[in-house]
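Try each task yourself, then compare with the solution.

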Amino acid sequence: MREIAPLRILALRAVGPPGCQPEVTFGGPPRPTNKKKDGDTIETKNNNNTDNNDETTNSTTEFDSPLPPDEPTMASRLLRSLRNSSMTIQPYVAGTTRANASDVDISQPWVMAIYPPRDNDDNNNSPIDETNEFLSIENGNHAVECLQMFIDALVESGRAGDDRLGVHFFREWVQAVTGGMEAKPEQQQKQRPKKKQKGNSSSRQFDHLPLGSLSLHNLASASIHTFRSMEYANVGSCLGTLDLTGTHGLTDSMLTNVICSGSFPRLQRLSLKNSRKLTGKAVASLVKLRDLRAFDVGGCFNIHPNDVIEMVQQHPGTRKGTLTEIYAGGLGWTDVALETILSFTSKHIKGLGIGFSTYLSGPGMILILTKAAGTLDRLSIPFCTGVDDAVASALGKALPKLAVLDIRGCNKVYSLTGMMDGRIAAGNSGAEVSRHLFVLARYSGISNNSLEETSRLYRNELGEPVFHCVLDGGGTGGGVRR
């Protein structure tokens, strides 16, 4: 019997030759329009888009948004039948770009979640049960997975571009997520998306639609065309998680005038990691994403900690206690900045990333992070020179709920024994201690021999280690608990 190629291989083949047009695949043959170009193209005042930081160019881009085909194309019909199939969900096999050690993070892959979904809050911080659980696209299905693999294949093959991910493609993504459900008839938008109005009423018309997750991870060619296509395909009506990690073309104008303009009112989790053209203006615009619960601006070296502090302080999710994850490593955090942001988030923050900060002192971190002891369960402090064995031991006692820890590059930490002792001391004093600890410790001072010794000392009632530490470049997805 002939072997059937894996879905990822089929998606890669679907990319086709350089002349392949996915917009035709999902939208049918181009139909005549009043514009000079075909209906699936976009006209701008500056087609070359040579200056991505030009606010006028990005904000005045005009679209010739194509109409949907009269009848679904064959590819569309196949995808829709795939969405409704009874096949079991399988682990998502990401592209090779996700396997790089530089992409390992406690919150990455950003669009992945544990499947089957956990419904017991007490078990949310437990590691993945490899027998019964695995990582899959959050709120995904087979059709969404196929389209995501298509995007990954474009990125890997170097064939990504504005003509590949257009309005028809993103309309098909919306169809895959919602199954054809529409907005409430009395409020359904039929014209060009309008600016977000005051309050949060603009997202309420889509509340009945399921939320999906979309990754444009490392899509360096993403431009205003890409995001306007998403806007006109009404992706925002069902987009809950968006990964824009490594989208080097993303600018303040694109984020402010498209993503944060009201067209994506239901966005809850947003990664802008390593999008290095962004500045404090882009961070300030995130306050308009009222449903935002988690964001990542790590590696955006044009952003200052004060930009993050001001946005978080003004965000409605801070007052409501719903903005619970803040990842902002590599911005140059200080003890004063850390104390300021925790002064109004310590009661509800669950995930915090402040790595690559040479100005953070060990005693300062202990004193300040203790304020979040009741909620903080994910901490990323890689390459912080102030972290040593004494600090690790103190954090183990001060943060008993900690379930995921990143101390890569902390070369003054030689053993986890002190941290485990601290956790035991916290438990003996009556604190609720997380049952398992996942640690990323590459480039730290911890050796294999030291790790083996600590593992023998600290085990649960079944004789299993109560922690898992990664010393090499692996660990991708190990910190995901959602």
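**Exercise 1.** Is Tyr115 buried, partly exposed or exposed?

Before you start: this is a predicted model, where local features need pLDDT of at least 70, side-chain atom pairs count only at pLDDT 80 or more, and totals for chains, interfaces and linings use all residues. Residues are numbered from 1 along each chain as its sequence is written, and side-chain values use heavy atoms, with hydrogens and water left out.

*Solution.* Step one is the scale: buried is under 20% relative accessible area, exposed is over 50%, and partly exposed is in between (1.4 Å probe, protein chains only). Step two is the value: Tyr115 has 32% relative accessibility, so it counts as partly exposed.

**Exercise 2.** Work out how the rings of Tyr115 and Phe134 are arranged, and which strands they come from.

*Solution.* A pair of aromatic rings is described by the distance of the centres and the angle of the planes. Rings of Phe, Tyr and Trp (its six-membered ring) pair if their centres lie within 6.5 Å; planes under 30 degrees apart are stacked, over 60 edge-to-face, and the rest tilted. By this rule you get 6 aromatic pairs. For Tyr115 and Phe134 the centres are 5.5 Å apart and the planes are at 35°, so call the pair tilted. Next, locate the partners: Tyr115 is in strand β3 (residues 112-115) and Phe134 in strand β4 (residues 134-137), so the pair ties together parts 19 residues apart in sequence. Strands here are DSSP runs of E with at least two residues, helices are runs of H or I with at least four, and both are numbered from the N terminus.

**Exercise 3.** Describe how helices α10 and α12 pack.

*Solution.* Two packed helices are described by the angle between their axes and the distance between the axes. Axes are lines fitted to C-alpha atoms, for helices over the stretch in contact, with angles from 0 to 180 degrees between N-to-C directions. Helix α10 (residues 305-314) and helix α12 (residues 335-342) sit at about 10°, axes 10 Å apart. Angles under 35 degrees count as roughly parallel, over 145 as roughly antiparallel, 65 to 115 as roughly perpendicular and the rest as oblique. So α10 and α12 are roughly parallel. On the α10 side, Pro305, Val308, Ile309 and Val312 make the contact; on the α12 side, Ala337, Thr340 and Ile341 do.

**Exercise 4.** Where is Leu255, and is it buried or exposed?

*Solution.* Leu255 lies in helix α8 (residues 252-259). Its relative accessibility is 0%, so Leu255 is buried.

Technical notes
Contact = heavy atoms within 4.5 Å.
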